[in-house]
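Hello,

Here is the structure you are getting from me. My notes follow below it.

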Amino acid sequence: MKNILFFILLVSNACLIVSCGNKNKDNEAEQTNTTTAKKPAAIVSDPKWNNQKEVKWNGHNYQITIERTPAKDLAIVTDELGQRYYDNHVEITIQRDGAPFYNKKFTKEAFIDFISDQDIETGILQGIAFDDVDKKENGLRFGAQVGVPGEDGIPFVIIINADGMASITKDNVLDTSGQDMEE
């Protein structure tokens, strides 16, 4: 009986030692994962993007250039997981019959009347793309999106009229075809 009791104590102590040893390893792994998770990743930026289009409208030839670049001079946005992102500038340059007609560098602040404080804090100007000549609005129509990186953004319409004046409205229909827009 003494031998059995001694054996049970020996086995239970061995289990306790092994168990404690595994807990320490689990704690070390947990601390490593916690440390790794809290370590900020590099700031992510969208790739530079450029698109050119030629359009005939109202008897004139228009050359449209759209260029998206990471905006390291703007505030960095942070998503809900703590990942940081550079916002973007998108510049639209239009020539009419070879002469300067329109040039503007857009940031998400151009859409501030339509977006919430949360969108300003966590969203970026994802991009702008030429859509078509809008006969109803009598202007060059562009689509734009502002939103959280990697998600569908809030859609906008930019119309540039024959006088070179731009207007922005919130779009009611999100075009997911991706025509002329690249992420």
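Helices (H or I, at least four residues) and strands (E, at least two) are DSSP runs, numbered from the N terminus. Read in that way, the protein chain runs α-β-β-β-β-β-β-α-β-β-β-β along its sequence, with 2 helices and 10 strands.

This is a predicted model, in which local features need pLDDT of at least 70 and side-chain atom pairs count only at pLDDT 80 or more, while totals for chains, interfaces and linings use all residues. Residues are numbered from 1 along each chain as its sequence is written, and side-chain values use heavy atoms, with hydrogens and water left out.

Chain totals: the protein chain has 183 residues, and 30% of them count as buried (under 20% relative accessible area, with exposed over 50% and partly exposed in between; 1.4 Å probe, protein chains only). Taking contacts (heavy atoms within 4.5 Å) between residues at least 6 apart in sequence, 48% join residues at least 24 apart.

Strands 1 and 2: strand 1 (residues 49-57) pairs with strand 2 (residues 60-71) in the antiparallel sense over 9 bridges; a pair requires at least two bridges found by DSSP. Glu54 has Gln63 in strand 2 as its bridge partner. The two strands make a hairpin with 2 residues between them, and Asn58 in the turn has a positive phi of about 55°.

Helix 2: this helix covers residues 117-122 and includes Thr122. Thr122 is buried, because its relative accessible area is 12%. Leaving aside residues up to four places away in sequence, Thr122 touches Val77, Thr78, Val148 and Pro149.

Regards
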